[in-house]
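Please look over the sequence and the model below before reading on. The notes that follow are grouped by topic and are meant to be read alongside the coordinates.

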Amino acid sequence: IILRKGLSWQLGTELRRTKVSLSGRYFTNEYLEVDRLSRTYSASTSLAFAIGQKTNISWTTDAAITDDIFEGAKGTAEVLSTKLSLDRDIGRYFNLSLNFSYLQRETEGRVIGNGGLTGLSGDLKDRRVSLDLKYNLTK
């Protein structure tokens, strides 16, 4: 049994060609059957701009800090991710996206992942570039 308490907020505005948003979240997970407590603080920003009628550029950044206490052992994980996307509608049914993403995760102590008690340990850095072609069945 998990008792989850949370608070989240979001603030944003949309102009003719620009969308901006900022959000924050706080969650506490208390595992009642085992001696474990997890607190997560996170924030995110998003900016999107319509270059033309069919072309958009967007940028999102997420940051999170998780403090975990499991059977007296403490751990902290800090995660930062960012993504830059360029989207273009091609015709009526196709969309082409070029994405650049970066993920950085730093851990200290014992951190339990969502996958169970084995957890995910160690630091991680990931950089990706992707090119996506999407087909929409209906429009």
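In this predicted model, S101 has R128 in β7 as its bridge partner, and R105 stands opposite L124, also a β7 residue. Strand β6, which covers residues 94-109, pairs with β7 in the antiparallel sense, and twelve bridges link the two.

**The sheet**
- Seven strands make up an open sheet in the order β1-β2-β3-β4-β5-β6-β7, and their pairing is antiparallel.
- The edges are held by β1 (2-14) and β7 (124-135), each of which has a single partner strand, so one side of each is left without a neighbour in the sheet.
- From one strand to the next, the twist averages 10°.

**Exposure of β7**
- Strand β7 lies largely in the open, because the number of buried residues among its twelve is zero, where buried means under 20% relative accessible area.

**The nonpolar surface patch**
- A nonpolar patch on the surface is formed by V20, L47, F49, I51, I57, W59, L84, L86, F100 and V129, which together have about 830 Å² of accessible area.
- Strands β3 (36-50), β4 (55-70) and β5 (73-90) each supply at least two residues of this patch.
- V20, one of the patch residues, is found in strand β2, residues 18-31, and counts as partly exposed because its relative accessibility is 39%.

**Side-chain direction**
- As a general point, side chains in a regular strand alternate between the two faces of the sheet.

Methods: Residues numbered from 1 in each chain as written. Predicted model: local features only at pLDDT ≥ 70, side-chain atom pairs only at ≥ 80, totals over all residues. Heavy atoms only, no water. Pairing = 2+ DSSP bridges. Helix = DSSP H or I, 4+ residues; strand = E, 2+ residues; numbered from the N terminus. Axes fitted to C-alpha atoms, helices over the stretch in contact; angles between N-to-C directions. Patch = residues over 30% accessible without salt bridge, like charges linked within 9 Å, V, L, I, M, F, W, Y side chains within 5 Å. Areas by Shrake-Rupley, 256 points an atom, 1.4 Å probe, with all protein chains shown as cover. Salt bridge = Lys/Arg side-chain N within 4 Å of Asp/Glu carboxyl O. Buried < 20%, exposed > 50% of the residue type's maximum accessible area, 1.4 Å probe, protein only.
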